[in-house]
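Here is my note on this structure, written as numbered points. Please keep the structure open while you read.

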Amino acid sequence: MSEAYLPRYLPRLREIRSVSEAHRVGTYDEIKAWLDHIKEHPLDCFENRIDISELNRELAEFFEDIDARGADGKLLYPIKQRIWKDLREFLIQRWTSVHKNELRVLDVIIENLCKDANVAPMLSESIFCLFGDADRSFYTLPSEYSRPIHLIAVPHSSIQNIWNWLVLPHELGHDMFIDIRQLANELEHLVVKALEPYALSVGWVNVPRWEPAINQVRWELIDGTQLIRELWTEWVFELFPDLLATLMCGPAYLMQLQEILRFDAFSWWTMDPTQRYFGGPDPHPVGHVRSLLVSSAIRRLGYEHHADALDERLLRTARIPATISWLFRTSEVEQPVLLFEVQWIELLKSGLLISKIILDTPLESLGQKKLLDFIQFSHADQEISETEARNILSTQQKNDPRTRARHLLAAARIAFESEPQKADTIHKVALSKLLALEAH
Ligand SMILES: [Zn+2]
């Protein structure tokens with residue numbers, strides 16, 4: 001059925017791909033037509049998972065939001081263009097059965113991870129994956145814009161290397177952060193609380209703010225305490241998913257993270273008024289700090305030896321700079337400007353306080369439970385992952401009865417790091433082992 005319907009739209013879609021983002025908004029009608037059609041002939045992936053009329057209604061609100069368009073009809077927020085593009089890609093991929101197996105496995109992984117994390121059981125019904133741009137990393141779209149469904153983009157370049165899919169528990173953490181009422185607020189309060197007793201050796205710094213009244217940048221002098229607080233209020237949005245992924249997948253998550261992090265001696269403070277982006281510091285914590293915070297969480301779970309080995313690997317491959325410089329870039333100024341420098345150790349010390357408080361504090365938004373109460377990667381979990389890694393390498397298809405998606409994601413990474421020359425086998429075997437979890 002879907003194949004018969006699709007050709008009428010495909011030529012138009014090809015055309016849309018080649019015109020500017022500005023014209024893409026006009027094609028909302030097509031997406032709506034697709035959804036009307038899905039209502040009559042559900043896609044496999046939607047069955048029992050989503051109310052199409054509700055999705056239709058939300059989409060209409062989302063795309064007809066007048067704030068999203070300027071007088072020329074152009075979408076003002078790049079993020080809305082991104083959401084539109086992903087939604088279109090998502091429907092095309094699900095419709096055409098391109099990468100059918102891989103998408104099915106991604107559905108299985110998400111459902112299985114949501115069950116195990118158990119932080120937000122309803123989430124699994126509205127999270128879908130698609131294969132996104134090959135040159136981008138994995139991402140979940142940010143929360144500031146209400147989204148009809150959650151879309152996690154897996155880069156096309158990762159389609160054949162399942163050991164990189166260990167990023168998925170991190171992306172799931174973003175979706176939880178976004179969807180659990182008051183969680184973001186509570187975590188921001190925790191940042192402030194964690195930093196209260198903290199004696200800083202960061203001085204006064206000048207930071208740029210966008211001032212709408214005068215339509216230009218205003219410089220504000222703030223003290224080190226406020227600066228560190230502002231940085232962590234942004235970064236907690238990455239720290240929470242990192243901690244959740246560590247609790248779900250153990251030391252293998254850090255193996256994965258170290259491969260994708262950048263270990264620069266600088267970070268960005270960005271602002272682009274022409275794109276209506278009034279920004280601030282890079283939302284990702286500095287790479288070295290992020291790696292060491294995850295290794296401290298791994299120690300907390302009882303994997304001293306793994307944490308030491310991964311810290312050593314970090315120090316062998318990336319020199320830790322004494323200070324991190326923040327550079328300001330904006331569409332108004334051609335060259336990046338040095339804003340301030342912070343001693344690297346201050347970022348680590350403050351981060352350790354914050355991750356400890358996140359792990360140990362019962363949160364109202366999580367029903368007065370702490371994150372550690374939901375899931376912890378036990379020694380039995382590590383043993384299952386290591387056994388499955390050996391099974392993958394020896395093409396042993398049968399799963400241990402205790403095996404879950406998180407074990408297989410960790411196992412694929414462990415297998416790849418020990419025998420990268422067997423990449424093809426690892427991908428194929430892990431994919432079919434994950435598929436075998438479908439009914440569980
Ligand atoms: Zn992230």
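1. Start with the largest nonpolar core, which has 98 residues. Such a core is a set of buried Ala, Val, Leu, Ile, Met, Phe, Trp, Tyr and Cys residues joined through C-beta atoms within 7 Å. Leu-166 and Ala-412 touch the most other members. Helix α10 (residues 224-249) gives the most to this core, with 15 residues. Helices (H or I, at least four residues) and strands (E, at least two) are DSSP runs, numbered from the N terminus.

2. A word on the source: this is a predicted model, where local features need pLDDT of at least 70, side-chain atom pairs count only at pLDDT 80 or more, and totals for chains, interfaces and linings use all residues. Residues are numbered from 1 along each chain as its sequence is written.

3. Which residues does Leu-166 touch, not counting those up to four places away in sequence? They are Cys-249, Ala-252, Tyr-253, Gln-256, Leu-409, Ala-410 and Arg-413. Contact here means that the C-beta atoms of two residues, placed from the backbone, lie within 7 Å.

4. Now the whole protein. It has 18 helices and nine strands. Of its 440 residues, 36% are buried. A residue is buried if 20 or more other C-beta atoms lie within 10 Å of its own, exposed if 12 or fewer, and partly exposed in between; C-beta atoms are placed from the backbone. Take the contacts between residues at least 6 apart in sequence: 70% join residues at least 24 apart.

5. Look next at how α10 meets helix α12 (residues 287-300). The two pack at an angle of about 40°, and their axes are 10 Å apart. Axes are lines fitted to C-alpha atoms, for helices over the stretch in contact, and angles run from 0 to 180 degrees between N-to-C directions. The crossing is right-handed. That term applies if the near helix is turned clockwise from the far one by less than a right angle; anticlockwise is left-handed. From α10 come Leu-239, Asp-242, Leu-243 and Thr-246. They meet Arg-290, Leu-293, Val-294, Ala-297 and Ile-298 in α12.

6. Glu-388 lies in helix α16 (residues 379-393). Is Glu-388 buried or exposed? Glu-388 counts as buried, because 27 C-beta neighbours lie inside 10 Å. Leaving aside neighbours within four places in sequence, Glu-388 contacts Asp-400, Thr-403, His-407, Leu-408 and Ala-411. Glu-388 and Ala-415 are 27 residues apart in sequence, and their C-alpha atoms are 8.7 Å apart in space.

7. Helix α18 (residues 423-435) has 13 residues. At 1.5 Å a residue, α18 should span 18 Å, and its end C-alpha atoms are 18 Å apart, which agrees. The expected span is 1.5 Å times one less than the number of residues. Buried in α18 are Ile-426, His-427, Val-429, Ala-430, Lys-433 and Leu-434. The buried residues of α18 pack against α7 (100-117), α16 and α17 (405-418).

8. Asn-118 follows α7 and has a positive phi, near 60°.

9. Turn to the strands. Two strands pair if DSSP finds at least two bridges between them. β2 and β3 (residues 150-155) pair in the antiparallel sense over two bridges. Tyr-139 stands opposite Ala-153 in β3.

10. Strands β4 (residues 205-211) and β5 (residues 216-222) are also antiparallel, over seven bridges. Trp-210 has Val-217 in β5 as its bridge partner. β4 and β5 form a hairpin with four residues between them, and Asn-215 in the turn has a positive phi of about 55°.

11. Last, two loop residues to check. Most residues other than glycine have a negative phi. Gln-368 has a positive phi of about 60°. Gln-368 sits in the loop between α14 (344-360) and α15 (371-374), and is exposed, with 9 other C-beta atoms within 10 Å. Thr-395 has a positive phi near 50°. Thr-395 is in the loop between α16 and α17, and is exposed, with 12 other C-beta atoms within 10 Å.
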